[in-house]
Amino acid sequence: MTELQGREPHKFDPTFRGPVHNRGCTDVLCCVIFVIVILGYIVLGTVAWMHGDARKVVYPTDSYGQFCGQQGTPNANKAILFYFNILQCANPTVLINLQCPTTQLCVSKCPDRFATYIDMQLNYRRNKSYWDYYKQFCKPSFNNPDKSVSLVLQDEDCPSMIVPSRPFLQRCFPDFITRNGTLTVANKTSFKDGHGKTRSVVDLRDAANGITSLLDAKEVGVKIFEDYASSWFWILIGLVISMLVSLIFILLLRFTAGVLFWMVIFGVIVAVGYGIWHCYWEYSSLKGKPSSDITISDIGFQTDFRVYLQLTQTWLIFMISLAVIEAIIILVLIFLRNRVRIAIALLKEGSKAIGCLMSTLFYPIITFLLLALCIAYWAVTAVFLASSGDAVYKVMSTRPDCKYTNLTCDPKTFSQSNVTKLCPASQCTFAFYGGESLYHRYIFVLQLCNLLVFLWLVNFTIALGQCTLAGAFASYYWALRKPEDIPPSPLASSFGRALRYHTGSLAFGALILSIVQFIRIILEYLDHKLKGAHNAFTRFLLCCLKCCFWCLEHFIKFMNRNAYIMISIYGKNFCASARDAFFLLMRNVMRVAVLDKVTDFLLFLGKLLISGSVGVLAFFFFTRQIPVIQEEVPSLNYYWVPLLTVIFGSYMIAHGFFNVYAMCVDTLFLCFLLDLEKNDGSATRPYYMASSLRAILNKKNKRPEEKKKRRKQKKEQPNKRH
């Protein structure tokens, strides 16, 4: 094994017969680090679970840091948050983040009528029920309806007013209804604010800006849910059809790949040719007309593009540009025709390989489940980290000149502090969860670690899938007689080899990619924070860094993919495999470019074809335009809901199938290049490539019978001389 690893990939290795089975563990140090990191990640999740409290995310929190609706507490039956004076809330973001500078209280239901504390006090003397209703929106400890209005409002024992509301996001928001274009609440356009003023409903709308659209969105959401409930069976049928069509498309590529490619290329050549003729016709028509010979530089920049179309120079530029494009396409096809034929032959061979290894098409399900597990663990850990700590209270004031705003405070002693005297309208309200311990000080760092390890696990899962599929398809290629020589259970064997021997190598490649992605995320965060900055140099530098790291990420993805293929074949470590793959590809750079573009083009065409055809079928079905099954179509609020679901789902299913196919083609391509460099077609070193590829390259495998015949002829020649 050590001797095999030491050889250069371009030198002939007489012992090489496809994927190496007698392997050793690679990148052991990285494997150990990866296992330790996973164990540490489990510890991090456990610590976050011990310190965090998901209820802080699930339940709203009142001004005293108590959860609304939490079982086993006085608020068990009070699941909705009520704002004493919603007019002091600036916007819905403030409301949802519990940063509204007014007292917030847990209640069992939202108010269903307009009322003020002053009116309640006047009516209370005649009817006690007024107080019984109003007090459910006051502080639980307050039960003195005879207390003067000024003191009640100063101490915020009760709200100055209540307005008809309904719960949204477990919070009470005004029940806005638009009637004949007029905004109303409970059929009223104005109300009393409890301070002796009459306010417009528009003031409520401004205070809860955006809530009406959110409420409308909720109603739309209910209708969408109803559509899914009534059409899920037909959506499922559409997705099954797209899966079958994707499978058939891949299997038929062995017959249609060449036809599809050449038809589209011919169509492009004809389209560009027509464009050249049309430009020439426009140029000839305008030639000789007054003012048509003015140059573009003379008229300068014009917002109306039609002005340029009246100039002969414009059409001349178009004609020359299209002619250059046409010439490039034709020259590329002439000089690279053999490479294009090789690319098409490999695509056909990939279709045959998948036909022999049908189980590979369902491996993405394993990848999907592992990715879902990683995402779920990361999300839960992030939530528990974010909800770690004790309640932190801050001073909230409606007065802009209050210097104590946003400073931490203690709600128990706040009423006796100087803040209430210097800022009379201020409140000590719950802000967020935090703490001063070592753990709480490094919550942000732990969130970054959570993100980095999450990226590492995701990229490792993808790498494991790529290496597994590459090993299976390499077993297909290096079988001299297909399918007789293909080893049993190639996919399972490849999966076992990848996990047993190459976990460290896969983790190494995944770590490099994860670090680059992590840096990109930080750059995106900095870019978001600096959007309002006026420093042009900083913005330019950040833009350049984002561009560079985007290119680096895509290059690393490309190299990792090919390195995993080499790992699956040779069993070397990551660096050696990446080096071998890189130099192998560089020695065949034109073949790489042609194959990459031809493959991407045909697979993209296939995705559009499948999602488009299934989408058209779904459109005719859900719009009742298929007479045979009109009665089977469910009644829908929005027919586009199941239609878009089917189109998107079809595209994703085709994408999953074609990813396997693309991995197959890439693996066969690298095996093909190795085959060309290592073998010469003799009986001891036969070519493993398909006969169609040998025909394109004018390569032949010499049969053992021919070799024996030649040896016999050589022996007979000396006898004839004697």
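The expected span of a helix is 1.5 Å times one less than its number of residues. Helices (H or I, at least four residues) and strands (E, at least two) are DSSP runs, numbered from the N terminus. The model on screen is predicted: local features need pLDDT of at least 70, side-chain atom pairs count only at pLDDT 80 or more, and totals for chains, interfaces and linings use all residues. Residues are numbered from 1 along each chain as its sequence is written, and side-chain values use heavy atoms, with hydrogens and water left out.

**Stop 1: helix H20**

Select residues 589-622. This is helix H20, with 34 residues; its first and last C-alpha are 49 Å apart, close to the 50 Å expected at 1.5 Å a residue.

**Stop 2: the whole chain**

Zoom out and colour by secondary structure. The protein chain has 23 helices and twelve strands. Of its 722 residues, 43% count as buried; buried means under 20% relative accessible area, exposed over 50%, and partly exposed in between (1.4 Å probe, protein chains only). The accessible surface of the protein chain comes to about 38800 Å², and carbon and sulfur atoms hold 63% of that (Shrake-Rupley method with a 1.4 Å probe; for residues, only the protein chains shown count as cover). Taking contacts (heavy atoms within 4.5 Å) with a separation of 6 or more, 70% join residues 24 or more positions apart.

**Stop 3: the nonpolar cores**

A nonpolar core is a set of buried Ala, Val, Leu, Ile, Met, Phe, Trp, Tyr and Cys residues joined through side-chain atoms within 4.5 Å. Select Phe 669 and Phe 672, which have the most contacts inside the largest core, a set of 100 residues. Helix H16 (residues 443-477) gives the largest share of this core, 20 residues. Now show what surrounds Phe 669: setting aside neighbours within four places in sequence, it is in contact with Leu 346, Leu 585, Arg 591, Val 592 and Leu 595. Another core, of 21 residues, lies apart from the largest one; among its members are Val 107, Trp 131, Phe 142 and Val 149.

**Stop 4: the disulfides**

Show the cysteine side chains. How many disulfides does the structure hold? There are three, a disulfide being a pair of cysteine sulfur atoms within 2.5 Å.

Begin with Cys 68 and Cys 106, whose sulfur atoms are 2.0 Å apart. Their link is left-handed, with -75° about the S-S bond. Cys 68 is in the loop between helix H3 (55-58) and strand S1 (80-83), while Cys 106 is in strand S2 (residues 104-107), so the pair links distant parts of the chain, 38 residues apart. Cys 68 and Cys 106 are both buried.

Next take Cys 110 and Cys 172, with sulfur atoms 2.1 Å apart. Why is this disulfide left-handed? The torsion about the S-S bond of Cys 110 and Cys 172 is about -95°, so the link has that hand. Because Cys 110 lies in the loop between S2 and strand S3 (115-116) and Cys 172 in strand S6 (residues 171-174), the pair ties together parts 62 residues apart in sequence. Both cysteines, Cys 110 and Cys 172, are buried.

Then select Cys 138 and Cys 158, which have their sulfur atoms 1.9 Å apart. Their link is right-handed, with 115° about the S-S bond. Cys 138 sits in the loop between helix H6 (129-134) and helix H7 (149-155), and Cys 158 in the loop between H7 and strand S4 (161-162), so this pair ties together parts 20 residues apart in sequence. Cys 138 is buried at 3% relative accessibility, and Cys 158 is buried at 2%.

Cys 671 is in no disulfide; the nearest cysteine sulfur belongs to Cys 664 and is 9.6 Å away. Cys 671 is buried, with a relative accessible area of 0%.

**Stop 5: the aromatic rings**

Rings of Phe, Tyr and Trp (its six-membered ring) pair if their centres lie within 6.5 Å; planes under 30 degrees apart count as stacked, over 60 as edge-to-face and the rest as tilted. That rule gives 26 aromatic pairs. Return to Trp 131 and Phe 142, an edge-to-face pair at 6.0 Å centre to centre, with 80° between the planes. Trp 131 lies in helix H6 and Phe 142 in the loop between H6 and H7, so the pair ties together parts eleven residues apart in sequence. Trp 131 is buried at 4% relative accessibility, and Phe 142 is buried at 10%.

Select Tyr 133 and Phe 137 next: their ring centres are 5.6 Å apart and the planes stand at 70°, so this pair is edge-to-face. Finish at the cluster that ring pairs make of Trp 232, Phe 233, Trp 234, Phe 621 and Phe 622.
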